[in-house]
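Hello,

As promised, here is the structure we talked about. Have a look at it first, and then read on for my notes.

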Amino acid sequence: MTTLTEAPAPVEQRGKERKPRRNLTPWMLLLPGLLWLTVFFLVPILTSVSASVQTGNYDDGFKLTWHFANYRDALLNFGPQYWHSLLFSVITTVFCLALAYPVAYFIAFKGGKWKTLLMALVIVPSFTSFLIRTIAWKTILADNGSVVHVLNDLHLLKITTALGWTVGNHVLASPAAVVCGMVYNFLPFTILPLYTSLEKIDPRLHEAGADLYCGPFQTWRRVTLPLSMPGVIGGTLLTFIPAVGDYINAQLLGNPNTTVVGQRIEDLFLRQSNGYPVGSAMSVVMMVGTLVIVMTYIWRAGTEDLL
Amino acid sequence: MATQTISAPATGGDAPLKVRRRSPLAWAKSHVLLVVTVLVFVFMLLPNAVILWMSFNSPDGKFNYTWHKFSLDAWKNPCSNSTMCHSIGLSLEIGVVATIIATILGTMIAFAMVRHRFKMRSGINALLFLPMAAPEVVMGATLAALFFNTIGPGAMGFWTITIAHVMFCISYVVVTVKSRLAGMDPTLERAAQDLYATPTQTFMKVTLPLVAPGIGAAALLAFAISIDDYIITVFTAGNSETFPMYIFGSVQRAYPAQIDVIGSLMLLGTMSVIAVSQILNQMRTSRKK
């Protein structure tokens with residue numbers, strides 16, 4: 001019987017405590033982390049917008065002079081780099097989607113009891129540092145390696161060189177090697193979201209498609225593909241955004257004619273005494289450009305979904 | 001279109017239920033899928049095989065890019081190059097410190113986001129999403145600009161790298177812990193309170209053990225991202241050198257087989273940790289039965 005009389009007490013206590021807490025607790029929890037992100041992410045981005053219109057050098061310091069000519073330099077002097085960054089990241093995203101979709105489809109619908117193991121195999125390579133794995137492509141694509149021999153025997157290297165994808169009798173130090181490295185590096189990021197959204201699709205919908213006289217391709221086109229669109233969009237973003245900023249593959253597997261924006265920004269920031277304002281201007285251009293492309297893509301994908 | 005509509009019922013109309021087994025088109029399709037999947041897996045696993053293979057090489061010259069002859073030298077003294085092992089030590093230290101800070105801050109944010117109501121939620125969500133969406137080189141360059149302006153290039157090193165790593169790890173921790181918290185049964189905590197547990201007791205004995213796997217996964221993810229980062233690190237490092245920076249520099253200087261040994265150890269080490277934890281898990285569940 002004592003429990004009956006005691007029972008309301010904690011409820012009352014809780015009620016008293018909760019009112020002031022309701023306003024403060026979340027902010028106490030949020031404050032340190034958000035402060036960190038504000039000081040070390042948001043403020044630097046805003047500072048760099050200001051830095052992009054400064055002039056000066058490291059010895060005398062930089063001054064805000066509203067020097068908009070930095071943007072002219074950033075845009076006009078590095079035209080090929082913007083073009084390469086855009087071209088490589090778009091081609092990489094297309095290749096990644098084309099390769100990841102069948103793999104994710106196979107694991108999701110035909111994987112059976114091997115599903116977990118196959119998905120683990122997708123992630124396992126990344127336990128080794130991505131730099132070591134990218135450099136391993138130098139061995140695979142080397143001039144005396146089997147890849148180059150096979151391509152040479154099939155006379156394919158002549159065609160790719162004529163198209164400008166490879167240079168001379170080499171695969172290394174060419175646009176093709178850069179794209180190969182990028183596709184290799186970003187493929188897991190395309191497979192994971194695609195697999196997650198394909199895995200949720202009820203396989204009985206395929207049977208329903210067949211029952212309604214759809215061939216396998218029609219079933220895929222009209223049932224599976226629309227249902228897997230969230231994965232396609234997620235995979236595209238997870239591949240394209242890091243691919244735009246990536247310059248590791250261009251640096252390690254490319255040549256002086258395949259330089260991308262990131263390489264120039266790093267060069268301007270770390271190796272040139274007065275490169276910091278133009279480097280900041282290039283970062284701003286790149287950030288705004290990526291944002292515009294991504295927003296357009298999301299907007300287009302969103303409206304197509306509704307149609 | 002006309003031929004399609006006529007031919008489609010012909011294949012589907014015979015026996016709709018058996019269509020997926022008998023139609024030669026479906027058979028071919030499933031095998032095309034299999035072939036593509038196998039080829040893509042070869043593509044994804046080939047570099048790891050090459051790294052393991054090249055770790056047994058005795059390079060002919062400075063760069064361990066082409067096979068010369070078999071040797072166990074690199075495996076016998078992986079630390080013959082002290083610069084490399086110093087850089088690995090620095091990477092591990094930064095990884096541990098950054099993981100601890102990012103996991104604590106990120107878990108706190110995740111709890112606030114899932115358990116509390118407050119204003120400006122969408123703004124906070126945007127602030128958490130942006131570091132995952134911004135190109136790394138932009139974050140690195142802008143952060144470098146901030147550090148140049150405030151403390152100067154000379155003072156950059158361990159702490160500036162750690163600060164940067166915490167910054168981009170927080171969002172990943174929040175996402176991981178949030179998904180675990182959102183999937184939790186809230187009645188368990190109410191049951192604890194009904195049994196006269198204080199809020200602290202409820203948190204320590206019910207909530208925390210239930211969220212722990214999510215926090216653990218988030219910490220592992222943060223550590224993996226931190227230890228593997230090159231771009232942001234190179235902008236914030238000053239004169240220090242982490243392991244990814246050492247590898248990148250080796251492409252210009254000399255690329256010893258020891259790097260391939262470390263690359264193989266990273267893979268084999270994590271794989272054996274996973275295997276052991278799987279076996280322990282199975283032993284635990286079978287003992288319970």
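Below is what I found in it, going from confidence to the interface and then to some local details.

Please keep in mind that this is a predicted model. For the complex, the predictor gives an ipTM of 0.85 and a pTM of 0.84. Chain B has a mean pLDDT of 86, with 89% of its residues at 70 or more. Within chain B, the mean pLDDT is lowest for helix H1 (residues 2–14), at 42, and highest for helix H12 (residues 243–250), at 95. The pLDDT is below 50 over residues 1–16 of chain B, and that stretch has 11 contacts in the model beyond near neighbours in sequence.

Next, the place where the two chains meet. On the chain A side, 70 residues are in contact with 72 residues of chain B. Which helix of chain A gives the most to that side? It is H2 (residues 8–51), which supplies 20 residues. Sorted by class, the chain A side that touches chain B holds 50 nonpolar, 15 polar and 5 charged residues.

Now chain A by itself. Its secondary structure comes to 15 helices and 2 strands. Of its 307 residues, 42% count as buried. If you take the contacts in chain A between residues at least 6 apart in sequence, 68% of them join residues at least 24 apart.

Helix H9 (residues 175–199) of chain A and helix H12 (residues 229–245) of chain A have axes that come within 8 Å and cross at roughly 160°. Angles over 145 degrees count as roughly antiparallel, so H9(A) and H12(A) are roughly antiparallel to each other. The crossing of H9(A) with H12(A) is right-handed. On the H9(A) side, the residues that meet H12(A) include Phe186(A), Phe189(A), Pro193(A) and Leu194(A). Their partners in H12(A) include Gly231(A), Gly234(A), Gly235(A) and Leu238(A). The contact of H9(A) with H12(A) has 11 nonpolar and 7 polar residues, and no charged ones.

Chain B has a helix pair to look at as well. Helix H6 (residues 121–133) of chain B packs against helix H8 (residues 158–182) of chain B at an angle of about 115°, with the axes 9 Å apart. The crossing of H6(B) and H8(B) is left-handed. H6(B) brings Leu128(B), Phe129(B), Pro131(B) and Met132(B) to the contact, while H8(B) brings Met167(B), Phe168(B), Ser171(B) and Val174(B). By class, the contact of H6(B) with H8(B) is made of 7 nonpolar residues, 1 polar and no charged.

Finally, a point about the backbone. Most residues other than glycine have a negative phi. Met120(B) has a positive phi of about 65° although it is not a glycine, and its place is in the loop between helix H5 (82–115) and H6 of chain B. Tyr196(B) likewise has a positive phi of about 65° without being a glycine; look for Tyr196(B) in the loop between helix H9 (187–194) and helix H10 (199–228) of chain B.

Best wishes

Methods:
Residues numbered from 1 in each chain as written. Chains lettered and ligands numbered in written order. Predicted model: local features only at pLDDT ≥ 70, side-chain atom pairs only at ≥ 80, totals over all residues. Contact = placed C-beta atoms within 7 Å. Helix = DSSP H or I, 4+ residues; strand = E, 2+ residues; numbered from the N terminus. Nonpolar A, V, L, I, M, F, W, Y, C, P; charged D, E, K, R; others polar. Axes fitted to C-alpha atoms, helices over the stretch in contact; angles between N-to-C directions. Left-handed = near helix turned anticlockwise from the far one by under 90°. pLDDT = per-residue confidence, 0-100. Buried ≥ 20, exposed ≤ 12 C-beta atoms within 10 Å, placed from the backbone. Parallel < 35°, antiparallel > 145°, perpendicular 65-115°, else oblique.
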